[in-house]
Amino acid sequence: MSGYIPINREKRSELLESVGIKLENIFDSIPDDIKLKNIENLNLPMEGMSESEIVEALSELAERNKRVDQYDSYLGAGFYDHYIPAVINHIIGRQEFLTSYTPYQAEMSQGTLQAIFEWQSYICRLTGLDVSNSSMYDGASAAAEALLLACRQTRKEKVWVSEGLNPEYIETIKTYFESGGLEVEIGKLNEQGTSAGTYPEGNDYAAFMIQSPNFFGIVEDQAELVETAHMNKAMAVVSADPISLGLLKKPGDYGVDIACGEAQPLGVPLNFGGPAVGYLAAKNRLLRKMPGRIAGLTKDSEGKQAIVLTIQAREQHIRREKATSNICTNQALLATAATIYLALNGKSGLKEVAEQSAAKAIYLEQALLATGYFEKVYDSPFFREFAIRLKDEINLTTNDLNNKLLEKEIIGGVALDDRIWLLAVTEKKSKEKMDQFVANVVNIILEEGSK
Amino acid sequence: MIEIKNDRYYAETHEWILFEDDIAYIGITDFAQSELGDIVYVESEEEGELFEQGEIFGSVESVKMASDLYMPIDGEILEFNEILADEPELINEDAYENWIIKVKVTNPDQQNDLLGVKEYQAVIDEE
Amino acid sequence: MIQETPLIFDLPQNADKQNRLIKACDVKKPDFKEYYQEDYAETLPDIPDLAEIQVVRHFTNMSSKNFGVENGPYILGSCTMKYNPKINEDMAALPGFNNTHPLQPSETVQGNLELLYRLEILLNEIFGMDAFTFQPSAGAHGELVGVMMIKAYHQARQDTKRKIMLIPDSAHGTNPASAAMAEFDIREVKSNQHGRVDLDDLKNKLDDTVAGIMLTNPNTLGIFEDEVKEMTDLVHAAGGLCYYDGANANAILMQTRPGDMGFDVVHLNVHKTFSTPHGGGGPGAGPVGVKDILKPFLPTPVVEKKNDQFVLDHDLPQSIGKVRAFTGSFGIYIRTYAYILTYGAEGLKEVSEAAVANANYLLEKLRNHYELPFDVPPMHEFVITGQKQKKENGVKTTDIAKRLIDLGFHPPTVYFPLIVPEAMMIEPTETETEEGLEGLVSAFIQIAKEAKSDPDLLKTSPHHMPIRRPDETLAARKPILKA
């Protein structure tokens with residue numbers, strides 16, 4: 001038997017014979033000159049593996065990695081290692097959620113549809129906006145789509161994006177915009193590491209976009225964003241971390257028009273960066289220009305609550321080249337994971353996760369500053385993540401530091417340049433670990449930095 | 001039975017236009033509404049904007065279809081029929097009674113480009 | 001069985017507010033109000049505090065209203081709903097993969113990088129391409145990357161007049177939508193009476209403004225484009241590039257390769273071709289393969305092997321850039337890799353053979369009961385229509401689909417492709433069982449009979465699901481999109 005094919009060759013041939021077809025003829029429509037012959041000449045394993053061999057082969061690869069649950073890691077920069085409740089994998093591992101398709105047949109997909117509807121509801125409640133779609137690929141593509149949405153709505157072809165966005169997001173936005181014949185202007189941060197006072201003037205911008213907390217973990221002033229954007233007839237767009245919304249004001253509270261972001265911190269494993277799950281929410285008047293699938297509440301023919309995919313005339317399968325986006329597959333299962341995360345934590349749990357993450361980041365920054373080897377890069381309030389500068393007199397680069405730490409089974413922060421280090425912690429990080437980390441850093445500097 | 005009214009002109013793209021001096025009302029035909037099915041949304045570009053004949057000035061959506069609306073003549077949008085924002089189904093009920101936009105006609109000569117009842121009937125028969 | 005699941009926001013909130021999931025805070029919390037000043041949230045988001053049992057029951061009840069591949073035949077054409085092997089889920093959940101951060105130093109993620117490196121070689125061989133990118137997060141995302149690279153290729157050659165993308169009228173809606181996002185104008189190519197691209201129409205539509213063509217083969221009618229080599233030759237001769245939409249690549253595994261058909265760029269939908277679960281709408285992954293001429297334009301990063309070490313190369317000066325953060329949907333590629341290893345080349349050849357055999361068998365069994373828009377031997381899927389039932393019995397294709405639900409089957413893709421009225425696109429896949437196939441045959445024949453004897457039964461179906469037919473018009477007219 002080959003893999004998971006339940007009908008063997010003999011039976012297959014017999015079934016076909018019974019309807020007058022010969023098995024050897026079923027590929028006759030493929031012309032001979034493009035038929036693949038001699039597959040044994042290809043650089044492929046000819047025979048398949050048994051399940052037990054698969055376990056061996058894949059486990060061997062997995063074990064070759066160093067893991068953030070075994071090493072002590074301070075990486076963030078867009079993906080964060082929050083605790084993932086056990087319930088999530090049990091629920092999203094149920095085949096009814098896992099193996100079903102996009103809910104085209106509502107009568108047999110109410111589970112998925114309700115999960116999408118509740119995800120949209122949670123996202124609206126978190127962001128303070130009116131409408132959410134069923135998810136985007138990730139935070140970066142969600143940022144690009146948010147800006148494209150602003151361009152469609154305002155019918156303008158230029159956007160302003162703060163340098164405070166994750167550089168991966170900026171690169172993604174540039175790719176979408178350059179290819180789409182649209183313009184992106186990148187704004188420099190001020191000396192406090194925020195976008196305050198850096199906004200451009202002019203009525204030809206479709207949107208001003210910032211990230212909060214920004215790439216350096218710093219909480220941005222969304223009130224100023226909204227005020228200047230609207231003064232210039234541009235939309236105010238914010239990429240916001242969902243965990244931070246357990247502690248910080250919602251984009252909707254400031255009057256932001258479009259919010260988007262990466263929902264990986266809500267119960268999705270790091271997985272080397274993917275699959276991720278983006279969210280996108282906006283004010284009601286942008287609904288008809290939104291990309292992606294949207295679920296809506298209605299009634300069935302007997303008056304019972306029913307949920308369906310709706311406002312579909314925006315989408316590619318109906319509007320083709322005039323669609324609001326080409327997006328089709330989204331990240332439904334991970335959106336469900338995030339929904340379960342929010343359901344399990346509730347507002348109280350979310351607040352605790354947010355507070356602990358922030359408190360620990362603040363503790364770590366203070367501890368590193370107290371060593372005397374580091375100085376602040378920016379003097380602004382941050383959340384869960386901060387940039388810190390290795391003082392010039394230290395004869396080590398951030399990369400040297402990371403390499404030395406790795407020998408001690410510690411994965412240091414992101415080396416933004418030779419001196420600037422970006423460190424992130426979540427509620428999972430214990431005080432003990434952080435104290436050890438700081439002690440290790442001090443030892444390395446004492447041993448290496450003064451050479 | 002598809003209705004075509006003889007008090008107005010038509011476009012091949014299934015809009016009707018009813019002239020009142022230099023003002024005109026524009027909607028979609030009974031044929032168009034029956035092809036679309038239950039209409040769920042109607043939108044038009046903003047009041048005060050100028051459009052040339054053949055340009056898209058809005059769209060009509062049913063659950064499984066979307067159709068752009070084309071200007072039958074040059075004109076400036078004076079008004080969108082706001083009642084359609086809340087009750088787009090009125091177009092299904094009476095496509096000729098429920099105009100979508102009111103325009104100021106800027107090039108009356110274009111009346112000659114439009115279709116009469118017989119010509120529009122022929123367009124429908126083709127489809 | 002619970003038929004109605006209240007919205008989660010309507011559940012009573014009696015649970016303790018303490019977060020039992022995480023340990024108590026071991027550092028001093030600052031006065032956050034003072035720290036964040038006016039950005040501090042005085043009121044929390046309106047998210048209910050619930051007990052774990054409430055949450056677990058809620059989602060478990062919801063799941064029971066879904067139909068998955070493990071419930072029964074799921075013949076959603078073009079979506080390729082085949083069995084998702086359990087072991088692949090277990091492998092993707094190995095902590096050694098799960099607990100790696102995308103920005104870890106390459107020496108700490110050699111397992112991940114080697115997996116991607118090896119997977120790229122496998123994909124190159126299977127599809128006849130020279131390189132693959134793992135950036136795109138889904139098929140449509142891959143299409144976008146593909147057309148962006150075609151655009152970059154022409155621009156790099158200063159050939160700026162090429163603004164047209166040719167797309168057959170039977171194509172998926174994502175093709176024109178993706179091409180439009182990369183600023184191409186769409187020129188539609190007609191299908192002929194055999195359900196294939198009309199070669200003469202293609203010739204007429206070729207000129208020096210054509211950037212390329214996007215083709216699905218087998219096409220969306222499940223028919224192999226036997227003149228595909230002529231088509232790609234024609235497009236190349238006119239200076240265009242050829243894009244292979246891999247939506248139906250599961251039908252050709254180890255039988256023929258896009259690279260050999262003359263395609264320059266190809267995307268795959270790994271959930272279709274390599275059985276990664278679709279999760280009710282995603283996550284998928286849409287790796288894109290290219291021939292050497294497009295390699296310089298690949299998104300970054302790409303995986304490389306240098307001195308026996310695997311590394312990510314971010315430095316491709318002509319790259320189109322990134323279309324998402326980090327490398328790609330790594331977790332999905334673990335499953336893809338495990339799937340390919342499970343079969344090997346010979347097994348993959350049997351995958352396509354079994355898929356095509358099952359479709360042929362079903363078609364023959366149904367041909368006397370439903371009309372065929374094109375009577376051409378199918379590949380892995382085929383299209384029948386409900387036109388006869390509509391004309392004779394006033395029963396629409398929707399009614400047939402809804403009746404299938406009551407009989408325990410997921411209906412075919414309906415009303416697609418757009419060029420076939422009352423279309424039903426049926427794809428049994430290679431993992432359908434004999435009992436599944438025979439059950440489908442009986443159900444379709446029964447429904448064809450019922451259409452005559454009891455059309456109301458069909459028009460009021462389904463009768464045995466958690467809900468009856470939903471009012472989609474109401475949903476769209478008076479949108480309620482959140483609670």
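**Salt bridges, inside and between chains**

Mentor: Let's start with K404(A), which is partly exposed at a relative accessible area of 26% (buried means under 20%, exposed over 50%, partly exposed in between, with a 1.4 Å probe and protein chains only). This is a predicted model, where local features need pLDDT of at least 70, side-chain atom pairs count only at pLDDT 80 or more, and totals for chains, interfaces and linings use all residues. Residues are numbered from 1 along each chain as its sequence is written, chains are lettered from A and ligands numbered from 1 in the order written, and side-chain values use heavy atoms, without hydrogens and water.

Trainee: Which residue forms a salt bridge with K404(A)?

Mentor: E407(A), with the closest N and O atoms 3.9 Å apart; a salt bridge is a side-chain nitrogen of Lys or Arg within 4 Å of a carboxyl oxygen of Asp or Glu. E407(A) is exposed, at 61% relative accessibility.

Trainee: New topic: how many salt bridges are there between chain B and chain A?

Mentor: There are 5. In one of them, R288(A) meets E61(B) at 3.3 Å, N to O.

Trainee: Is E61(B) buried or exposed?

Mentor: Buried, at 2% relative accessibility, and R288(A) is buried too, at 13%.

Trainee: And what about D241(A) and R384(A), how far apart are their N and O?

Mentor: Their salt bridge is 2.6 Å, N to O. D241(A) and R384(A) sit in two loops of chain A, so the pair ties together parts 143 residues apart in sequence. Both residues are buried.

Technical notes:
Helix = DSSP H or I, 4+ residues; strand = E, 2+ residues; numbered from the N terminus.
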